[in-house]
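These questions and answers go with the structure shown below. Keep it open while reading.

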Amino acid sequence: MNKKHRMFVRMVLASLIRRRSRMIVALLAVVVGATILSGLGLIYYDVPRQMSAQFRSYGANVIFTPSGDSYITDDEIKKAVSVFPSDKLEGYTPYRYENSKLNNLPVTLAGTDFSSVLKTSPYWHISGELPDGNGKTLVGKKLAEKFGFSTGDSFSMLNSFQVTDDTDLSVIPDYEIYTDPQTGEKYCDHMLDLSLSGILETGGPEEEYIYVTLDDLSALMRSDRGCDLAEVSVAAREEELKGYLDDINNGSGNLTAKPVKRVTASESTVLSKLESLVLIVTAVVLALTMICVATTMMAVIAERRREIGLRKALGALDSSIILEFLSEGLVLGAVGGITGSLLGYLFANTVSMNVFSSAITFRPLLIPVAIIVSVAVTGLACLIPIRSAVDVDPALVLKGE
Amino acid sequence: MKLLELKNVTKRYGSLYALDKVSLGIEKGEWIAIMGPSGSGKSTMMNIISCMDKPTEGQVFFDGKDITKYSRRKLTEFHRDKIGLVFQQFHLINYLNAVENVMVAQYYHSMPDEKEALEALERVGLKDRAKHLPSQLSGGEQQRVCIARALINSPELILADEPTGNLDEANENIVLDLFRQLHKDGTSLIVVTHDPEVGEVAERVVRLEHGKIISDKKNSGFAE
Ligand SMILES: Nc1ncnc2c1ncn2[C@@H]1O[C@H](COP(=O)(O)OP(=O)(O)OP(=O)(O)O)[C@@H](O)[C@H]1O
Ligand SMILES: [Mg+2]
């Protein structure tokens with residue numbers, strides 16, 4: 001850097017530092033603009049991630065059903081979910097439904113995997129506890145009310161079936177055989193003793209079911225026939241998800257994978273609405289920043305007409321005048337950009353913490369981008385004011401007017 | 001060849017003749033005072049010489065070239081290379097300190113050099129004020145910074161419009177001493193003043209009235 005460049009820097013900095021009270025408005029405009037823009041940018045890029053997590057917490061977004069009239073086995077489910085990358089698979093829960101009787105009233109028994117059920121049905125509200133193994137049950141609220149159950153109670157499920165000579169009774173741990181006096185047919189009463197861990201509240205049909213483990217249900221029904229459906233929660237957006245589901249459906253498996261429409265569709269609707277909102281806000285903020293910087297620079301230049309005239313009378317070329325004022329604007333833009341990007345991160349983080357209760361990822365790329373955008377915007381905003389600086393006639397200014 | 005020559009220069013504002021067919025020649029190294037009552041056209045003449053204003057009619061030659069026909073760019077070069085301006089209102093840049101104000105003139109002329117700029121300030125007796133901002137300097141001190149700035153690039157001609165107009169007697173004497181020195185170094189000086197004392201010390205006095213030169217004579221009491 002030669003002496004000329006040093007003097008140039010010295011003048012630009014002196015102007016900005018010693019006249020800071022004048023420049024503060026423009027700087028503030030740039031800082032506010034950069035803060036809002038980088039904050040919005042961060043939120044915008046982070047929201048799809050946050051949003052997916054949020055929507056997933058409202059339930060599974062994929063459902064597996066048997067292709068034909070049959071059932072789906074555990075192995076088939078495992079094979080199908082292996083299509084999803086492990087970091088995207090949040091969890092899956094199989095369900096098997098059977099009709100049964102309790103106190104001679106028909107009830108629906110549902111077998112499931114309690115360890116993963118909250119991953120696909122996070123909205124389940126349980127008073128008491130989730131069953132942690134065999135012999136324990138979760139009872140829907142309506143059903144519990146009907147039978148007057150409360151947590152800690154015990155009851156038995158009964159499954160009666162006809163026993164023939166071929167019936168293998170060894171798989172049943174606890175049974176009683178009796179003979180129908182009229183027909184002479186033998187029946188077996190198979191009991192499943194259950195203790196009630198918790199009562200389930202969902203606002204949906206689940207409140208009518210009795211949930212038990214798949215093992216208990218298999219034992220009670222004397223068969224492990226497989227499941228009726230499985231719910232899966234996958235951290236992927238619509239397009240991506242569709243790809244995985246196609247893979248599963250085109251495979252030779254016996255199951256059909258379908259997206260759960262309600263959740264995934266609304267997810268992308270909200271996101272695209274958010275997208276246009278962000279674009280509009282960005283445009284407005286950019287325009288406001290430019291207007292503010294431009295008016296400040298106008299005022300600054302009007303105030304400095306005499307100085308400009310003097311510089312010209314000292315032999316300054318138009319290009320030097322442009323360079324000097326533009327540099328002041330650009331320094332302003334850069335300083336505003338750096339400050340704004342950091343404030344923007346704090347802003348985005350606060351919003352994210354409040355709305356999604358999770359921190360936002362800081363993107364280092366944000367800083368250079370914010371600087372470039374602020375510099376470009378201030379540069380653009382300076383163009384018209386600087387034109388008027390170039391137009392200053394040294395004579396008018398110095399003649400003592 | 002004369003350094004500067006005005007030929008039939010007229011400047012008209014509507015029906016008012018601020019300058020009326022003025023012809024004047026100035027030799028290299030000459031020290032001229034232009035005097036006259038208020039409104040007689042002194043500043044107008046100065047502005048035309050410094051090319052801050054174009055005459056309605058007539059020509060102005062500097063080193064034999066008609067500067068009224070110069071393009072903007074050539075005028076800028078002319079200001080930069082040939083003349084030093086001393087203003088009644090000083091026109092210092094308010095956010096630059098004394099030495100930086102002098103360096104600005106170097107910056108546009110050739111190469112800023114803080115040491116040289118400090119020497120120029122020393123010449124006008126302001127070395128210890130070099131780091132002060134204009135607002136921290138008295139009127140006399142500001143005028144001297146303005147003079148240091150005008151002489152830093154060793155111009156052939158220094159134009160000063162009422163350089164002592166805002167100064168008390170002590171400061172006026174300091175400024176006049178500086179002019180004497182510049183004159184001794186061979187710089188041509190044109191000083192507009194309505195102060196007789198400032199006129200007296202010049203080599204030659206030109207008097208204006210109603211835009212016309214009414215007298216032009218060598219100062220009998222001029223001490224080389
Ligand atoms: N831009 C202008 N428009 C109209 N009239 C002008 C303009 N500039 C100067 N004049 C007139 O020209 C005449 C000469 O003005 P000038 O400024 O040269 O006087 P001066 O000798 O410098 O006076 P002073 O001693 O008060 O500075 C005055 O009558 C003034 O009113
Ligand atoms: Mg005047």
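Q: Which element of chain B gives the most to the lining of the largest cavity?
A: The model is predicted, with local features needing pLDDT of at least 70, side-chain atom pairs counting only at pLDDT 80 or more, and totals for chains, interfaces and linings using all residues. Residues are numbered from 1 along each chain as its sequence is written, chains are lettered from A and ligands numbered from 1 in written order, and side-chain values use heavy atoms, without hydrogens and water. Helices (H or I, at least four residues) and strands (E, at least two) are DSSP runs numbered from the N terminus, and a cavity is a set of points on a 1 Å grid over the protein atoms alone where a 1.4 Å probe fits but cannot get out, its lining residues having an atom within 4 Å of a point. With three residues, the element that gives the most is strand 6.

Q: What is the volume of the largest cavity?
A: Among the 13 residues of its lining, those closest to the centre include Leu314(A) and His79(B). Volume here is the space filled by probe spheres set on the grid points, which are joined across faces, edges and corners. For the largest cavity it is about 120 Å³.

Q: How many residues of the lining of the second largest cavity are charged?
A: This cavity holds about 40 Å³ of space, and its lining includes Arg304(A), Glu307(A) and Tyr95(B). Ala, Val, Leu, Ile, Met, Phe, Trp, Tyr, Cys and Pro count as nonpolar, Asp, Glu, Lys and Arg as charged, and the others, Gly among them, as polar. The lining divides into four nonpolar, one polar and, as charged residues, five.

Q: Is Phe90(B) buried or exposed?
A: Phe90(B) sits in the loop between strand 6 and helix 3 (98–109) of chain B, and has a positive phi of about 60 degrees although it is not a glycine. Most residues other than glycine have a negative phi. Buried means under 20% relative accessible area, exposed over 50%, and partly exposed in between (1.4 Å probe, protein chains only). Its relative accessible area is 10%, so Phe90(B) is buried.

Q: What relative accessibility does Asn8(B) have?
A: Asn8(B) lies in strand 1 (residues 4–13) of chain B. Its phi is positive, about 50 degrees, although it is not a glycine. Asn8(B) counts as partly exposed because its relative accessibility is 44%.

Key
On a 1 Å grid over the protein atoms alone, a cavity is a set of points where a 1.4 Å probe fits but cannot get out, and a pocket is an open set with protein on both sides within 12 Å along at least five of seven lines; lining residues have an atom within 4 Å of a point.
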